[in-house]
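Please keep the sequence and the 3D view at hand while reading.

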Amino acid sequence: MRILIVEDDEALARFIRQGLEAENYFVNICSDGEQARLTAMQSEFDVVILDLNLPKLDGMTLLRHLRLNKPSLPVLVLTQRTRVEDRVQSLDTGADDYLGKPFSFSELSARIRALVRRSHLPSESVLQVSDLKLDRVERQVERAGQKVDLTTKEFALLEYLMRNAGRRVTRSMIIEHVWNLTFDTTTNVVDVYINYLRRKIDDGHAVKLIRTVRGVGYELGSPAEVHA
């Protein structure tokens, strides 16, 4: 699950990111409205947390742009503007939720989960391949009914593989979508994290779901599902 934080208060943005990453969300931060506009257009996000007081492009203008170009993208406004008029304007402009500062992180987290539940169909919120299940809303993974504990990056990598189940994905595709970076041929970070996942997902199971495709990258799925 990918979340975009648009906040020019660097310390607050880091605090929110740390809390969300602890809940296995993949988080990007933009400190101004123009940067956020470009980032939101170039990448896919599940939720945007938007401050209204932003440099370069104000939050309300950015909200209008998001509603015009990505009408189904959930946006939670997080701002010091707590007047009724500001709430009404934000909601009328297209915000899905509104939370004033100061705020409780537990409430912010609960509101994010509620937005995700409302914005995803059941088939999209829970991914399943063979006996492997990943709940994108509750941030939980199970294999054969047994809970699997993953780090934030491991969860993001597994989610990407499961969303592309049965499809061969290259290392450069994984780097771009999971790490949000340009592929560096000298790095082996993808292979390292694939090995981490294999130990947690496949070890102890007769059917191995994560396979290496020589010369290409990786593929996830049971043999019957992949080659059907």
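Predicted model: local features only at pLDDT ≥ 70, side-chain atom pairs only at ≥ 80, totals over all residues.

Setting aside neighbours within four places in sequence, Val-47 touches Arg-2, Ile-3, Leu-4, Leu-73, Pro-74, Ile-112, Leu-115 and Val-116.

**Around Val-47**

- Val-47 belongs to strand β3, which covers residues 47-50.
- Is Val-47 buried or exposed? Val-47 counts as buried because its relative accessibility is 0%, and the cut-off for being buried is under 20%.
- Val-47 and Asp-96 are 49 residues apart along the chain, and their C-alpha atoms are separated by 10.0 Å.

**The chain as a whole**

- The chain contains 10 helices and 12 strands, and its C-alpha atoms fill a box of roughly 60 × 35 × 30 Å along the principal axes.
- A compact globule of 228 residues would have a radius of gyration near 17 Å, and the 19 Å of the chain agrees with that.
- Of the 228 residues, 48% count as buried, while the accessible surface comes to about 11400 Å², with 48% of that area belonging to carbon and sulfur atoms.
- Among the contacts in the chain with a separation of 6 or more, 58% are between residues 24 or more positions apart.
- The side chains include 32 positive and 33 negative ones, and the centres of these two sets lie 3 Å apart.

**The nonpolar cores**

- Which residues touch the most other members of the largest nonpolar core? They are Val-141, Leu-158 and Ile-174, in a core of 28 residues.
- Two or more residues of this core come from each of β6 (126-129), β7 (132-135), α7 (152-163), α8 (171-179), α9 (189-201) and β12 (217-220), and the largest share, seven residues, is given by α7.
- Apart from this core lies another one of 21 residues, which includes Ile-3, Val-27, Leu-108 and Leu-115; of these, Ile-3 and Leu-115 are also among the contacts of Val-47.
- Beyond its neighbours within four places in sequence, Val-141 is in contact with Leu-132, Lys-133, Leu-134, Gln-146, Lys-147, Val-148, Leu-150, Phe-155, Leu-158 and Ile-201.

**Helix α8 and its cover**

- Which residues of α8 are buried? They are Met-173, Ile-174, Ile-175, Val-178 and Trp-179.
- An α-helix has 3.6 residues a turn, so residues three or four places apart point the same way.
- The cover over the buried residues of α8 includes β2 (26-30), α7, β10 (169-170), α9 and β12.

**Backbone details in the loops**

- The peptide bond leading from Lys-101 to Pro-102 is cis, with omega near -5°, and Pro-102 sits in the loop between β5 (97-100) and α5 (105-119).
- Ser-130, in the loop between β6 and β7, has a phi near 55°, which is a positive value in a residue other than glycine. With a relative accessibility of 32%, Ser-130 counts as partly exposed.
- Ala-144 lies in the loop between β8 (140-143) and β9 (146-148), and its phi is likewise near 55°, again a positive value in a residue other than glycine. Ala-144 counts as partly exposed because its relative accessibility is 46%, whereas exposed residues have over 50%.

Key
Residues numbered from 1 in each chain as written. Heavy atoms only, no water. Helix = DSSP H or I, 4+ residues; strand = E, 2+ residues; numbered from the N terminus. Rg over C-alpha atoms; globule rule 2.2 N^0.38 Å. Buried < 20%, exposed > 50% of the residue type's maximum accessible area, 1.4 Å probe, protein only. Contact = heavy atoms within 4.5 Å. Areas by Shrake-Rupley, 256 points an atom, 1.4 Å probe, with all protein chains shown as cover. Lys, Arg positive; Asp, Glu negative; His and termini not counted. Charge placed at Lys NZ, Arg CZ, Asp CG, Glu CD. Core = buried A, V, L, I, M, F, W, Y, C linked by side-chain atoms within 4.5 Å.
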